[in-house]
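The following note collects several points for the attention of colleagues examining this model.

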Amino acid sequence: MTGPPPTIAVTGATGYLGSALVQHLLSRGHGVVALLRPGRAIEVPRHPRLRPVEYSLGRELPIEALKGCVAGVHAAYDFSPTNWTEIQRVNVDGSVTLFEQWRAAGMGRIIFVSSRSAVAAERSFYGRAKREIEEYCLSNGISVLRCGLVTSHGGRGLFGALERLVSRCPVIPLVGQGRQNLYLVRIEDFCEVTAYLMNRPATNEPIELAFSEPFTLREILSRIATSQKARRVFVPVPIWVIRTALRILATAGAPIPFGEDNLDSLVAPGCPPDFAFLRAEHIAVQNPL
Amino acid sequence: MGVYENIVVGAGPTGVATTAALLSQGRRVLVLDAGRDLEPEIKGQVERLRDKSLKEWQPSDLRFLKDRLMATASGFDLKLSYGSDFCYRWDDARTDFVSLQRPPITPSFAIGGLSRVWGAGALPFSIADLEGWPIAYDDLASLFPAVKKLIPYAATTDDLTKLHPLSGDMASPLQLSEPARRFLSDATTNPRVASAGITVGSSRLAVESGPCVYCGLCLYGCPYGLIWSATDTLGRLTADYRSLLEYRSGWIVDSVHEAAEQVELTCHHRDIAGQRTFRAARVFLAAGVIQSTKIMLRSLGRYNEPVMLRDSQYFVFPFLRWKGTAVLKESVHTLAQLFLELRDPHVCAKPVLLSIYSYNDQMLKVIQETIPFFGPGAAPVARALAGRLLAFGGYLHSDYSSTLRLVLERDGDGRDRLVLSHEINPLAAATAQHAVRALARLWRPLRGVPVLPMLRVKDPGTAYHFGGSFPMTLRPLRSFESDRLGRPRGFSRVFLTDASNFPTIPASTITFNAMANAYRIALASTRGNPV
């Protein structure tokens with residue numbers, strides 16, 4: 001006999017991945033405790049099985065808030081700090097504290113949502129923070145789900161930013177030559193696999209999640225252009241030019257939907273992922289494009 | 001000059017609660033109060049009004065009350081007492097005061113303090129309200145009955161009682177206006193409202209309801225003096241405890257200093273030059289948050305160092321009901337008719353409290369000013385709207401509110417200046433909006449909608465629900481903290497008994513609860529050695 005699907009705590013529940021995951025879990029009958037920054041609770045769906053709880057990375061989590069939770073998915077990352085000391089305090093130490101509280105509350109399955117940026121950790125603070133959290137997780141029985149570039153339609157995240165770029169600009173700058181290999185995964189697959197991991201013991205290695213074949217940036221952009229029925233001209237631009245431009249825009253306070261960290265994710269492919277887990281578990285990831 | 005047993009500074013609500021608690025234990029008390037009072041000529045006019053019956057009042061009799069109160073779409077600029085601003089006049093000749101809020105916030109030097117102009121809301125805190133306080137709920141709640149004996153308490157048992165329990169006798173509640181009665185009935189009969197986390201009940205008011213004639217002048221000052229002010233209690237205590245209680249008016253305290261088992265209080269008098277020292281075994285500061293904080297900052301020598309005051313953010317908006325009532329013909333009171341508590345984790349992790357007001361004559365004025373484009377047709381439209389509008393005044397928990405910042409500055413020539421500024425918390429406006437939207441979602445069961453474009457989030461402090469400059473903690477480690485008895489770090493005989501010691505400002509009515517807290521501290525101070 002099995003009871004109703006268990007309740008799962010999710011951080012970053014208003015984020016790109018978190019919000020999709022919350023919807024997915026709710027549709028599967030799970031209860032969700034959505035851990036959200038103050039003032040953000042209004043953004044999660046009103047659902048009888050969803051309970052919003054205020055929480056900021058780096059702060060104490062009221063332990064009674066976790067009542068009934070058996071598993072947790074940590075998909076939050078705070079982009080507001082800009083220097084490494086602060087990033088480490090909020091994101092790395094904050095995540096470790098969160099995991100410790102979750103374990104103390106008796107939550108048996110914990111999944112950390114990481115990124116392929118962690119492979120090339122030296123290239124960005126984001127990657128470095130993700131890598132440090134991964135290291136803690138792997139030695140403490142927490143599953144690490146390292147996702148490729150997550151695609152969705154009309155969506156948010158980096159892929160959404162690329163879609164908007166293509167729809168708005170007739171001439172598209174290609175980072176470098178646009179030849180770097182990128183691994184992609186559909187958001188539906190991300191949700192499925194995350195839910196699947198709730199029932200699996202943690203592994204000692206990060207679980208790489210992406211479609212088996214990579215795409216080059218040029219390929220991705222031209223496929224987006226084709227799907228939008230738009231003709232676009234691609235112009236290779238050296239990365240330092242784009243980086244400088246982004247920095248100037250960011251300093252000027254321009255509302256750009258694309259930051260330096262996004263850039264790093266595009267140019268930091270690292271070594272090809274090892275899909276051992278997906279193969280061993282016979283998980284088929286669909287072609288996202 | 002002898003040493004007094006207890007000195008209470010201030011005779012506002014917390015001052016009289018402190019005093020009453022001490023007297024109840026047979027202790028001797030000297031009350032030092034700034035004690036400014038209503039102008040005698042206005043007092044005379046109020047008395048003349050009181051001597052006539054309601055039907056004999058002429059519009060000219062009321063002019064002195066009404067002429068100076070200005071309401072706008074964003075609420076009252078300054079609530080006056082019988083047309084007088086005596087409650088807000090700055091009386092400290094040794095300190096200058098600057099407030100950067102609009103309208104400016106002024107501490108009160110009046111006898112009775114701001115209870116001379118308050119809205120009389122007296123909802124006891126709920127268990128959720130005391131989250132984060134270093135005392136147990138019962139430590140405070142056990143004093144609610146004692147405070148209730150100090151004030152008239154017009155209330156009834158309803159849905160709100162479950163969240164904000166209060167036992168004992170209550171005066172009969174004031175009659176609800178027809179719009180309020182209908183709103184209450186709509187809100188309590190449809191289960192969708194309760195399942196959205198909303199609890200509605202009648203207001204709890206410190207008003208002597210029996211003799212009320214429903215003249216509708218509550219906002220200007222009750223001609224019959226039925227709205228409780230601390231002066232009522234002070235008068236009664238003075239009569240009942242003639243041998244124990246001494247009240248001295250005109251004194252403004254500058255600083256306190258603990259030495260050799262006693263406290264030295266340096267003060268000056270409004271009309272006498274120079275300073276003078278009083279000595280007491282124990283001193284209770286209940287001068288109001290700004291004054292008490294000023295006294296402590298000067299006593300600690302902490303000049304030019306900002307201290308943060310927590311505020312419960314105030315916001316106002318109209319609520320338009322589909323169906324109107326003939327409210328213009330109705331005799332109503334114009335204090336809060338209903339209280340509505342919203343507990344919705346999607347809106348705010350802490351409860352939000354809304355006071356609901358039905359029609360008052362200022363509302364009609366505001367409507368007429370807001371819709372001038374109707375020209376000659378404006379009057380009937382305004383009347384139709386007035387019959388359909390409820391005014392909501394909302395409060396947020398201090399965690400979701402902006403903060404006030406108080407600095408005591410000293411010039412080269414030794415003159416002190418107290419500056420009150422604020423720091424905006426972006427969560428405040430967002431949370432207020434979320435709360436209003438949460439009500440808008442219930443347009444069907446509530447039979448109306450909040451008018452969101454007319455939501456006004458007021459400047460911090462405008463509702464005078466602030467405090468927490470020396471928050472109580474289990475163990476005061478930082479300099480601007482006090483212990484569970486409101487004693488600032490480093491003091492054992494000086495007790496802050498006004499809201500200066502509140503760790504948070506819950507979204508609620510503050511006065512009744514601040515009185516209970518003052519009562520608690522004063523009682524504890526008499527029991528053995530509380531050090």
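Predicted model: local features only at pLDDT ≥ 70, side-chain atom pairs only at ≥ 80, totals over all residues.

1. Helix α9 of chain B spans residues 230-240, and A230(B), T233(B), L234(B) and L237(B) are its buried residues named here. These residues lie on the same side of α9(B), because the arc they cover around the axis is only 100°.

2. Is H268(B) buried or exposed? H268(B) counts as buried because its relative accessibility is 4%, the cut-off for this class being under 20%. The side chain of H268(B) is joined to that of D254(B) by a polar contact of 2.9 Å.

3. The surroundings of H268(B) may be described in more detail. Leaving aside residues up to four places away in sequence, H268(B) touches D92(B), A93(B) and R94(B), as well as G250(B), W251(B), I252(B) and D254(B), and also G274(B) and Q275(B).

4. S255(B) belongs to strand β8 of chain B, residues 251-259. With a relative accessibility of 16%, S255(B) is also classed as buried. Which residues does S255(B) touch, not counting those up to four places away in sequence? They are E264(B), L265(B), T266(B), I295(B), R298(B) and S299(B).

5. Turning to the interface, 10 residues of chain B are in contact with 10 residues of chain A. The size of an interface is often given as the accessible area lost when the parts come together. Between chain B and chain A the buried area is about 900 Å², and carbon and sulfur atoms give 58% of that area.

6. The count of salt bridges between chain B and chain A is 1. The side chains that form this salt bridge are those of R46(A) and D344(B), at 2.7 Å from N to O. On the side of chain B that touches chain A, the residues comprise 6 nonpolar, 2 polar and 2 charged. Across the interface of the two chains, 4 residue pairs are found in polar contact, with both residues at pLDDT 80 or more.

Notes
Residues numbered from 1 in each chain as written. Chains lettered and ligands numbered in written order. Heavy atoms only, no water. Contact = heavy atoms within 4.5 Å. Buried area = accessible area lost by both parts, 1.4 Å probe. Salt bridge = Lys/Arg side-chain N within 4 Å of Asp/Glu carboxyl O. Polar contact = N/O pair within 3.5 Å; in protein donor to acceptor, adjacent residues only side chain to side chain. Nonpolar A, V, L, I, M, F, W, Y, C, P; charged D, E, K, R; others polar. Buried < 20%, exposed > 50% of the residue type's maximum accessible area, 1.4 Å probe, protein only. Helix = DSSP H or I, 4+ residues; strand = E, 2+ residues; numbered from the N terminus. Arc of directions from axis to C-beta.
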